[in-house]
Structures are given as C-alpha cells and as structure tokens.
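Q: Could you walk me through reading some side-chain features in a protein model? I would like the general idea each time, then the case at hand.

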Amino acid sequence: MSQSSVFAMLQENVSKPRFYKSLSSGETWKSKSMRIIPEEFLRSASGAIEHRVVFSVSWGNSWQLWLQRDKNNGGLFMEKEDWDEFVDDNLLGPNDVLFFTHQDTMFVEVRIYKQDLHVFKEIVSAPLLEAEPESELLNTNPQTSHAASSSGSVNGARQGYAPVLNVQNPEQYLFNPNNPYFVKTLTKKIDVLYVGHPVIEKYGLKFGPHKSPMYYIVRNQKHDAFTKIYGRNPCFTGWAALSKKYNLKQGDSVVCELERSGGVVTSVRIHFGNE
C-alpha cells in the first residue's frame, strides 16, 4: 500500500470521528505535538473523551492514557508517561503512520502502518521487542526455577510460569484450536482485560450483560470475575489481581483464549510460555 493509499483511508467510514498522526521534520514520536488530541476530533466525539482514553490495536492489546488540559492554550494532551509507553510498546519509527478511530465513549481503535521498501503495511500482530537477558525473564537458573515451582515464589521468581515472549505461533498454546484468541502484552494502569473491536469483529464475539459472571482459567484453576460493558466496549474485571497473583510484569505477554457457551464468551483461558 502506497502512502497516498494509506491517507486515502481517511475518507473511508466517515461516520466515525478519526484522525491520523505522522512525523514532520524535526519531530519524534515523543514530541509534545504528538500527544495532542485534535480539537476537531473532540468536537466530533461529542464530549465522549475528557479525562482518559483507551487505545486498542488489532491484536487485542490496549493502553489507558490519562488526559490533561494545557495551561496555555487549553488543548487536550495525553500524559507524557502514558503516551511514551504506547510509543515504546509499539516500536514506532520515523516513517510510521497511525490512524485513530473513535469507537465509543473513551475507546479509540488505533491502526499502525509501517513502511517497508516504500510500501506501507498494517501491523496486525505485536511488534517484537528486544528481549532482556533470559536469566531475568525466564528464570533459567535451575535452582531458582525449581524453588519457584515448589514454594510459589523465591525472591520474586515467576512461580514457575514463564511469560510468552515474542509470540510467533500463539495457536500452539490453545486448548481448543477452534477457539478465538488474542495475545495480551501487559501495560500499566489497566485493571480490567479489554477485548479490542478488531478481535470482536474477526470472531463475531458476543458477551453477557453488564456485571454478568465469568471466570479466568489458569492451569485449570478458575478465578471468578465479571463481564462489564461500557457503551459497546466489553471487558473483564479481576485482571490486575490475576496479574499480581501470577507475578506478571509490564511487558510480559500471554495468550488469551476465549471460551464460549451458547455463543457468549464466558471464560478466558490464560496461557503462559512454558505450558
């Protein structure tokens, strides 16, 4: 896809407020100008975005970004720490183009295009991050690993669970190969597990009513939680507690397998990399 074709996408689906971001000369993705929410977009969204926004991408990940008003011109900006995290997690480069489409209330879908030999390609899976030393991320020390699996944790060890790193073939982890799934990379400040619109549309997912019970399954252990619906945006409670229980850290990735009953998502089976 050429650059002109990418920008032509702005004319598609004009019923939903949208905007794009790309770098101008002298800018970086962490420049203050990149953090502003365009006023025209805010007016089109009819006040639905005021204090925070949740970005979701095609592979199911989401980021919560808090907003603040600029004291000088009154513009609405994303908090620097939150925006920088989004930039780092997606390895944004100088030739990338981002499209932001308002979905509902504070929820925005982000489509990322990266240039490859003068052709722009949409990124549909989590970008590969440079891995830290394996001894830190995978507990490759045999004594530490054994102690963690037998006693729960030793000096912050991962309880014998290794996060999925740079997932290339998530299907290998699925309990049922016909189940829908997405890869979740942990970020900060997210206390619920969001299901992105691209994932919902791909599988035609349906969810129970607001505050209906559901549960997570980790190594065949069930953890009770609830489905919540904000506008048209479903999520599951209990994600922060689950991450804490299994000592998952920011940057870790897991495979989330969705299980349905009567066509409705009733549970999320969480897979780690050493299963």
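Q: Where is N90 found?

A: Helices (H or I, at least four residues) and strands (E, at least two) are DSSP runs, numbered from the N terminus. Here N90 is found in the loop between α3 and β5. Before we go on: this is a predicted model, where local features need pLDDT of at least 70 and side-chain atom pairs count only at pLDDT 80 or more, while totals for chains, interfaces and linings use all residues. Residues are numbered from 1 along each chain as its sequence is written, and side-chain values use heavy atoms, with hydrogens and water left out.

Q: Is N90 buried or exposed?

A: Buried means under 20% relative accessible area, exposed over 50%, and partly exposed in between (1.4 Å probe, protein chains only). N90 has a relative accessible area of 2%, so it is buried.

Q: What does the side chain of N90 reach, and which residues is N90 in contact with beyond its neighbours within four places in sequence?

A: A polar contact is a pair of N or O atoms within 3.5 Å; within protein, one must be able to donate a hydrogen and the other to accept it, and residues adjacent in sequence count only if both atoms are side-chain atoms. The N90 side chain reaches the backbone oxygen of F86 at 2.9 Å. Contact in general means heavy atoms within 4.5 Å. Leaving aside neighbours within four places in sequence, N90 touches W59, W63, I112, K114 and P127.

Q: How many aromatic pairs does the structure hold?

A: Rings of Phe, Tyr and Trp (its six-membered ring) pair if their centres lie within 6.5 Å; planes under 30 degrees apart count as stacked, over 60 as edge-to-face and the rest as tilted. The structure holds 12 such pairs. In one of them, the F55 and F86 ring centres are 5.4 Å apart with planes at 65°, so this pair is edge-to-face. F55 belongs to strand β2 (residues 52-56) and F86 to helix α3 (residues 80-89), so the pair ties together parts 31 residues apart in sequence.

Q: Why is the pair of F55 and F100 tilted?

A: Their ring centres are 5.3 Å apart and the planes are at 55°, so the pair counts as tilted. It links F55 in strand β2 with F100 in strand β5 (residues 97-104), 45 residues apart. Both F55 and F100 are buried.

Q: Which residues do ring pairs link into a cluster?

A: The cluster holds F19, F41, F55, W63, W83, F86 and F100.
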